[in-house]
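Please find below a short note on the structure shown here.

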Amino acid sequence: MSDPSKVGYRKPPKEHQFKKGRSGNPRGRPPKQKPENPCEADILRKISAETAIVNGKEMTKLELWLRVLEKKALQGDLRAMKLLEEKLQKAGIDGGKPERQGVLVVPGMMEPEEWAKQAEKNQAKYREHLPDN
């Protein structure tokens with residue numbers, strides 16, 4: 001059998017072994033150091049979290065920026081519309097974009113054969129541009 005007092009690889013002397021009930025790292029991991037120069041994203045987070053009072057109503061600056069963007073979009077600013085739509089899509093919100101709509105114009109009453117003949121004639125011009133199958 002092995003001698004408990006034997007010292008060697010992976011067998012430190014008794015006085016240098018961890019004591020029972022005591023951590024091997026009593027002070028723990030040191031806290032992460034914050035960078036001296038904050039990055040742009042940190043500054044934007046800090047600024048957007050600040051509050052502002054507009055017309056007696058308190059809101060974050062981020063909310064204020066989005067409301068200004070919405071106002072510009074409603075006034076017809078195409079860049080603001082596009083940016084607002086991108087932000088809504090990124091947030092997973094349907095921007096209220098209407099589905100395609102159209103109008104079907106029916107030229108009076110026709111017999112089915114006459115309707116089929118006219119439809120064939122109207123579609124023929126589009127079929128000319130299609131490749132042969």
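1. Helices (H or I, at least four residues) and strands (E, at least two) are DSSP runs, numbered from the N terminus. Ile 43 is found in helix α1. The model is predicted, with local features requiring pLDDT of at least 70 and side-chain atom pairs pLDDT 80 or more, while totals for chains, interfaces and linings use all residues. Residues are numbered from 1 along each chain as its sequence is written, and side-chain values use heavy atoms, without hydrogens and water.

2. A nonpolar surface patch is formed by Ile 43, Ile 47, Leu 62, Trp 65 and Leu 66, which together have about 410 Å² of accessible area. Two or more residues each are given to this patch by α1 (40-49) and α2 (61-74); the largest share, 3 residues, is that of α2.

3. Ile 43 counts as partly exposed because its relative accessibility is 41% (buried is under 20% relative accessible area, exposed over 50%, partly exposed in between; 1.4 Å probe, protein chains only).

4. Helix α2 has 14 residues and reaches 20 Å from first to last C-alpha, close to the 20 Å expected at 1.5 Å a residue. The expected span is 1.5 Å times one less than the number of residues. Just after α2, Gly 76 takes a positive phi of about 105°.

5. Arg 10, in the segment before α1, has a positive phi near 65° although the residue is not glycine. At 73% relative accessibility, Arg 10 counts as exposed.

6. Asn 55 lies in the loop between β1 (51-54) and β2 (57-60). This non-glycine residue has a positive phi of about 55°, and Asn 55 counts as exposed at 81% relative accessibility.

Key:
Patch = residues over 30% accessible without salt bridge, like charges linked within 9 Å, V, L, I, M, F, W, Y side chains within 5 Å. Areas by Shrake-Rupley, 256 points an atom, 1.4 Å probe, with all protein chains shown as cover. Salt bridge = Lys/Arg side-chain N within 4 Å of Asp/Glu carboxyl O.
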